Amino acid sequence: MRSSDPPVVAPDGGPPTTSRGVLWLGLHCDVRCKFCYDELVPLREKAWMPLEEAFGALEKFRGFYHNEFVDFMGGEPTLHPHALEIVAHAADLGLRPTVITHGMRLADLRLVRAYAEAGIHDFLVSIHGIGQTVAEIHQRDRHNYSRQMQALDNLRLLGIPFRFNVTMIRDNMSELEAIADLAGDKGARVVNFLTFNPYFEWAQQGEIEFQARHSEIAPHLAKAIDRCAQLGVEANVRYMPPCQLPGREAHVYTGFQLPYDPHEWDYNSWYDAGHEGRPLPQWYLEASRQQQQRHGYIHVPACNDCALREICDGFHPQYVARWGGEEASPYPGPPVQDPTHFIRGQSKLRYPTTASDEAAHRLEELRPGSLADVHRPVGEDGRAGVRRSRRPR
Ligand code: SF4
């Protein structure tokens, strides 16, 4: 199926599957967020992705996987020496580019203009707190919050859309409602509230001091979701079991719901899974199970009686080892098989999918047969193209 075909929709005409790829440009960053997955990765494995490799990956996203959007991840991708060229190449291909960033370098209006000229679609800015909380989480203070606020003003000035990411930890859980207010004030279209996932290097750590229980975060999060609703801002909660947010499940995305969020990543291109074109919902259901297993999520005894068991990740084993599973609150009723059961009731920001004539022409030039052999290295942690060694000096 080419991108001009109708989108693949969930069973019963529910939300379409995402067509967003993700490309890690390298793990180098200039702050040290205390919860970062990459904090424990050795510096020698934080080299940047070469330009030609990035171009090849983007061409495969577009020509083979038929993605229409791409997120650039780091580290801090704005530090990549060829970030602007990579963004421009994505835009030329008809892959609308998003940069996921702490935003601080965008306090420089000239850089924001350069991204606009390169064809940026939007920015996903990590706003992990209000005021000094940001610097404390970044563990490096260079007027971080004021630079972020300047960046948001610059984006607004130039009419570049932006969304927020916030990783919810003990340090910022009482500020979630204020972050929702900030989104409304500054004009963010979406806020993603992310549960801290003890993945990768964190998985073996027992007592992580900044980690908070779902039941501690949930009251603050519920208020923040409601505030977003009042302000017309889309609120998404990632990786928290739906039973932790009764009445607000339409906002909750575990690994089973992710394929139906246009702001999330396509398992197919994410893991370079090799299915040409856009798979059907059944493919994504199986990919969601694999993702659940990849990160080792488990159901606790109470989940055995839950109607959502087949479409909910459950809990991370580190979380269960630390706090047990008493927070699980099973849903009564017959088993629910449709991952969009709740989220189909959420109002989502949707993007027009018509590519420009020029981008459509570029797409015709991409040959799926030859792109099938373009592969990014997949690291031990399952992320494609992430860790790469610096050349020895
Ligand atoms: S399966 Fe378990 S964790 Fe998921 S919603 Fe049900 S009780 Fe909660």
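This is a short chat about the structure above.

Biologist: Before we start, what kind of model is this, and how are residues numbered?
Modeller: It's a predicted model, where local features need pLDDT of at least 70, side-chain atom pairs count only at pLDDT 80 or more, and totals for chains, interfaces and linings use all residues. Residues are numbered from 1 along each chain as its sequence is written.

Biologist: OK, what order do the strands of the open sheet take?
Modeller: The sheet has 8 strands, ordered β1-β2-β3-β4-β5-β6-β7-β8, with parallel pairing. Strands here are DSSP E runs of at least two residues and helices are H or I runs of at least four, numbered from the N terminus; two strands pair if DSSP finds at least two bridges between them.

Biologist: And which strands stand at the edges?
Modeller: β1 (20-24) and β8 (252-253); each has a single partner strand, so one side of each has no neighbour in the sheet.

Biologist: How many bridges join β2 and β3?
Modeller: Strand β2 (residues 69-73) and strand β3 (residues 96-101) pair over 4 bridges, in the parallel sense. D71 has T98 in β3 as its bridge partner.

Biologist: Switching topic, which residues are closest to the ligand?
Modeller: P241, C243, C303, C306 and C312, out of 15 residues that surround the ligand. Near means a C-beta atom, placed from the backbone, within 6 Å of the molecule.

Biologist: What classes make up that shell?
Modeller: There are 11 nonpolar, 3 polar and 1 charged residues. Ala, Val, Leu, Ile, Met, Phe, Trp, Tyr, Cys and Pro count as nonpolar, Asp, Glu, Lys and Arg as charged, and the others, Gly among them, as polar.
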